Amino acid sequence: MAWFRSLIRVSGIKPRNRAPNPFSLASLASLSTEATNKYSGLGPTVPAEKPRVVVVGSGWAACRLMKALDTNLYDVVCVSPRNHMVFTPLLASTCVGTLEFRSVAEPISRIQPAISREPGSYFFLANCTGIDGDNHSVHCETATDGPDTLDPWKFKIAYDKLVIALGAQPLTFGIQGVKEHAIFLREVYHAQEIRRKLLLNLMLSDVPGISEEEKSRLLHCVVVGGGPTGVEFSGELSDFITKDVRQTHAHVKDYIRVTLIEANEILSSFDDRLRHYATKQLTKSGVRLVRGIVKDVKAQKLVLNDGTEVPYGLLVWSTGVGPSPLVNSMELPKSPGGRIGVDEWLHVPSMQDVFAIGDCSGFLESTGKPTLPALAQVAERQGKYLSHLLNRIGKAGGGHANGANGMELGDPFVYKHLGSMATIGRYKALVDLRQSKEAKGLSMAGFVSWFIWRSAYLTRVLSWRNRFYVAINWLTTFVFGRDISRI
Ligand SMILES: Cc1cc2nc3c(=O)[nH]c(=O)nc-3n(C[C@H](O)[C@H](O)[C@H](O)COP(=O)(O)OP(=O)(O)OC[C@H]3O[C@@H](n4cnc5c(N)ncnc54)[C@H](O)[C@@H]3O)c2cc1C
């Protein structure tokens, strides 16, 4: 476990070329000897040491920031319940075996090697539970896999600069049964759960003695939410059914169905022409589009507003995201939509040395700027912008706590939308490179768009290792079909 590796390394540290730091040595020693202490942690840095940037989260925003942060200027401490970044645009492809899970997961220590090499930089497998702005510290609790591994314990980390990048959480609109029975699609373990359930249902439906009604239910895959994620997943599923299930599970091929439920129009961020194209293509590939609002979710069926009952064997929920409970609990000025409010420099104005980026943050109303969409391209560019800003502050000698007070921060963050893309299955995709639906520019759909989609994301994958994995997975799937082993 990353936490234990950190502890072992920490106990053997002899900082080279640095003045000894009584604070941090004391706190580091306490880490190794009193690991089970309720409140051990990393103490404040002293002026002779590098300032410490604490990054909460390991998603798009956090990883882009850590990648470009100058580790000659700062020590980096990342706190997150997962030790990797998920390349979300390709996550849907892993649910049906088009891609393998490892192809979309990038370990943090590869993104920022200093985390595993530098004596003052760490990755801690933990959740941030609170922020004490007055004392410049972050409260954390270890993310163990439940008491079977280790009882979770609490600790604190002092920061010179804090970057909150803890993303958002799926919206359920308070609908009963969603959390219990539906699977979200945000993490690699969600994709693993979906794949296991899909293959389990396929195999169970082939076993003698199963009723026709039960077979039909088990093989009914329902997706709720017609945004890009829901549509891309439906497209992947229909590809899997038409290209693989028909051959590998010929006995049940006529039972398996995909239904996509959306309260309004699917793909509402795209223009009418692209939307109609997507609707036509999805229908052609056998995806049933249903306009409806889900009222209740039970173990084997969901109920729509008009009383229609929809039995399902697999239910995937993708109806957008909202602030996480931690963000909700923070008593800070918020942006419209309840995200952490930031100014034009992505700084949280009510807290010294605290910045917020990605899906968890939004411009304060007073900036006159709109809340940006919850997109990887926003999070990534905010991470990049903030890394440059922090590097500039560090170079100017303002890296330590309260060291940047009154400092000129330079140009504010400006977001320029690069366009949207979505695959819809059967080697087809939508590409809209305009800044808005009304603007002039390139927007197209079909095979060429699908090719652009694949090429664009292949080049966006963070490391050469994963780029290679993705390319090989695509080739293997094309030649041999998807892997249907239930491991
Ligand atoms: C399936 C899917 C497909 C997508 N496709 C696209 C696309 O094609 N194009 C696009 O632009 N956008 C896409 N998005 C949206 C994009 O992934 C998000 O906007 C982006 O991930 C936001 O980045 P972030 O860093 O703010 O949050 P995230 O990437 O969600 O990262 C949040 C991090 O914070 C951690 N965290 C959470 N709570 C805590 C806590 N209490 N303490 C410490 N750490 C915590 C999480 O473990 C995670 O590491 C997609 C999203 C999904 C789910």
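Figure 1. Cys 78 is buried, because 29 other C-beta atoms lie within 10 Å. (A residue is buried if 20 or more other C-beta atoms lie within 10 Å of its own, exposed if 12 or fewer, and partly exposed in between; C-beta atoms are placed from the backbone.) The structure is a predicted model, in which local features need pLDDT of at least 70 and side-chain atom pairs count only at pLDDT 80 or more, while totals for chains, interfaces and linings use all residues. Residue numbers start from 1 along each chain as its sequence is written. Cys 78 is found in strand S3; helices (H or I, at least four residues) and strands (E, at least two) are DSSP runs, numbered from the N terminus. Not counting residues up to four places away in sequence, Cys 78 touches Val 55, Ser 58, Ala 62, Met 66, Ile 108, Ile 115 and Phe 123. Such a contact means that the C-beta atoms of two residues, placed from the backbone, lie within 7 Å. Between Cys 78 and Val 297 there are 37 Å in space, C-alpha to C-alpha, and the two are 219 residues apart in sequence.

**Figure 2. Helix H3 and what covers it.** Helix H3 is largely enclosed by the rest of the structure, because 7 of its 9 residues are buried. The buried residues of H3 are Trp 60, Ala 61, Ala 62, Cys 63, Arg 64, Leu 65 and Met 66. Their cover includes strand S2 (52-56), S3, strand S4 (84-86), H5, strand S9 (161-164) and H13.

**Figure 3. The largest nonpolar core.** This core has 124 residues, and those with the most contacts inside it are Val 55, Val 79, Val 163 and Ala 165. (A nonpolar core is a set of buried Ala, Val, Leu, Ile, Met, Phe, Trp, Tyr and Cys residues joined through C-beta atoms within 7 Å.) The core lies between domain 1 (2-168 + 323-395) and domain 2 (178-321 + 418-480), because both give residues to it. The domain bounds come from an automatic or database domain assignment. Leaving aside neighbours within four places in sequence, Val 79 is in contact with Val 54, Val 56, Phe 124, Ala 126, Cys 128, Val 138, Cys 140 and Ile 157.

**Figure 4. The shell around the ligand.** Of the 33 residues around the ligand, Gly 57, Gly 59, Pro 89, Gly 167 and Gly 358 come nearest. (A residue is near a molecule if its C-beta atom, placed from the backbone, lies within 6 Å of it.) Two or more residues of the shell come from each of helix H3 (60-68), strand S3 (75-80), helix H4 (91-95), strand S6 (122-132) and helix H13 (376-395). Sorted by class, the shell has 19 nonpolar, 11 polar and 3 charged residues. (Ala, Val, Leu, Ile, Met, Phe, Trp, Tyr, Cys and Pro count as nonpolar, Asp, Glu, Lys and Arg as charged, and the others, Gly among them, as polar.) Both domain 1 and domain 2 give residues to the shell, so the ligand lies between them.

**Figure 5. Where domain 1 touches domain 2.** Here 26 residues of domain 1 are in contact with 24 residues of domain 2. On the domain 1 side, the elements that give two or more residues are H4, strand S5 (105-107) and helix H5 (108-111). H4 gives the most to this side, with 5 residues. The C-alpha centres of the two domains lie 32 Å apart.
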